[in-house]
Amino acid sequence: MKNATEQLEKGKILPLVFKLTVPAVIAQLVTFLYNVVDRVYVAKTENGMDALAALGIVLPVTLIISSFANLVGMGGSPRASMKLGEGDQKEANKIFNLSVVMLTAFGIIISLVAFFFARRIVVAFGCPDTAVDFAQSYLEIYALGTLFVIFAQGVNPFITAQGYSVTAMLSVLIGAVANIALDPLFIFAFGMGVKGAALATILSQAISFVWIAIFVFSPKNAFRLKFKDMSFSLKRMFSILSLGFSPFVMTITECAIQIVFNVNLNMATGGDKDYTAALTIMLSALQLISLPLNGLGYGMQPFVSYNYGKGNTDRLKRGIKDVTIIAFVFGTTLWLVSMLFPGIYAFMFSASDNVREIVVKYAPLFLMGSVMFFVQMTLQNINVALGRAGSALILAVTRKVIILIPLCFVLTYFFGFVGVYMSEGIADLTAGIITAVALFTGFPRAFKKRERELAVAAQAEIARNDEKKN
């Protein structure tokens, strides 16, 4: 642990950027596999396009579960990392323990709601009639493993916060490999179809949970599970939730917009499953671009939070500059490939001819704003790591709630189903420009504010020492 945190403060910046971000990017790509491999396999079943549409409907529910894991994990881990940077091990441990309690409570509540109201949820989320039974059966099984899912996703950020990015990556990789292996077994060999996909997913998350639990109880872990540190503290809980609220809103609004997409598409096409299946494929393409960029920012969080706590602003500036350049090049490359060869996504999912035509024609509209994801994903995570909860929340809400959701209704009204596909691209481009201006002007102010805080603290310490001498 000591060596990991020393590297955050003293290691060479560019190699450290790669050391922290590459495992995080791989973990996000593996998360993409988690989300996509089920869709790829069920698309090959007898009722493939119905099953694919069903998984597209269930996706917002899985995002809701992830949002609560992010609320606690991505709120608590930067706070704990800052405390480690300040040398306050005791408070860091209390933050971790309270986070575990909160994750447990969220996991139990969400599991019960998702299981007992599965059919009502998928119908309300705009599921085509022919896909309702598939969506319900998947969600009921997935709900049984919610506690594993929320623990695996919520505790993992605390591993990354200590600088163990490879360990955090492996926790995701192990589960994804298990999912890839179990999916064909349950879906085809056991003939379980969509139910098999859900069962494979929750068993894979359980394996990830076991891996994380082993690390939590190992000597490497800076945090220790202690009943006395699990005591409720309103102030501590608020500090976790206030910082985690931005990633929570980013995920929950992602869920909201997908519900809006599905409902509008269902109304505009009369419940045609092909358009919902095509949307599922386009959303998968969007994830392929956004998740690695999210991983870049997420991987940099321990570096940013720790050095912010230390007040090493020059080191912060150099690290953020390096990761911004990497994110821009990476994101632009993926965007160009998507614009030029959209049909590759239809091929990945063995789409029917009708679905393939929809994807090829409208995916460039849907994905055109993703060129700005290097700001919206990577730098937004860095914004959270700096403790700028208010700014991060406003920018997260702007993209989806203020711009995209109203735009989807308006464009669908004027252009029919095409408006659904257009709205994502236009909103991402607009919100990306707004976010870039806000962050590139806001970061320098945050650095200066921290320098002033440390100067005041240093002066106060000198005054206290003088008083002791006198």
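Me: Is Glu453 buried, partly exposed or exposed?

Reply: Glu453 has a relative accessible area of 34%, so it counts as partly exposed. The cut-offs are under 20% relative accessible area for buried, over 50% for exposed, and partly exposed in between, with a 1.4 Å probe and protein chains only. Bear in mind that this is a predicted model: local features need pLDDT of at least 70 and side-chain atom pairs count only at pLDDT 80 or more, while totals for chains, interfaces and linings use all residues. Residues are numbered from 1 along each chain as its sequence is written, and side-chain values use heavy atoms, with hydrogens and water left out.

Me: Which residue does Glu453 form a salt bridge with?

Reply: That would be Arg450, with the closest N and O atoms 3.1 Å apart. A salt bridge here is a side-chain nitrogen of Lys or Arg within 4 Å of a carboxyl oxygen of Asp or Glu. Glu453 and Arg450 are 3 residues apart in helix H17, so about one helical turn separates them. Arg450 counts as buried because its relative accessibility is 12%.

Me: How are the helices assigned?

Reply: They are DSSP runs (H or I, at least four residues), numbered from the N terminus; strands are E runs of at least two.

Me: Good. How many salt bridges does the count come to?

Reply: The count is 6. One of them joins the side chains of Arg119 and Asp133, at 3.0 Å from N to O. Arg119 is in helix H5 (residues 118–124) and Asp133 in helix H6 (residues 132–144), so this pair ties together parts 14 residues apart in sequence. Arg119 is partly exposed, at 40% relative accessible area.

Me: And what about Lys400 and Glu424?

Reply: Their side chains meet in a salt bridge too, at 3.5 Å from N to O. Lys400 lies in helix H16 (residues 389–415) and Glu424 in helix H17 (residues 417–469), so the pair ties together parts that are 24 residues apart in sequence. Lys400 is buried, at 1% relative accessibility, and Glu424 is buried as well, at 0%.

Me: Which residues are linked with them in a network?

Reply: Arg399 and Asp428 join Lys400 and Glu424 in a network of salt bridges.

Me: Switching to the surface: which residues form the positive patch?

Reply: Lys90, Arg224, Lys226 and Lys228 form it. Patches take residues with over 30% relative accessible area and no salt bridge, joining like charges within 9 Å and nonpolar side chains (Val, Leu, Ile, Met, Phe, Trp, Tyr) within 5 Å. Lys and Arg count as positive and Asp and Glu as negative, leaving out His and the chain ends; each charge is placed at NZ of Lys, CZ of Arg, CG of Asp or CD of Glu. Lys226 sits in the loop between helix H9 (194–216) and helix H10 (234–269).

Me: Which helix gives the most to the nonpolar patch?

Reply: Helix H4 (residues 89–116) does, with 6 residues. The patch has about 850 Å² of accessible area together, and its members include Phe115, Phe116 and Leu147. Areas come from the Shrake-Rupley method with a 1.4 Å probe, and for residues only the protein chains shown count as cover. Leu147, in helix H7 (residues 146–160), is partly exposed at 32% relative accessibility.

Me: Last topic: how many disulfides does the structure hold?

Reply: It holds 0 disulfides, a disulfide being a pair of cysteine sulfur atoms within 2.5 Å. For Cys127, the nearest cysteine sulfur is that of Cys255, 14 Å away. The sulfur of Cys255 has its closest cysteine sulfur in Cys408, at 14 Å, too far for a bond. Cys127 is buried, at 5% relative accessibility, and Cys255 is buried at 3%.
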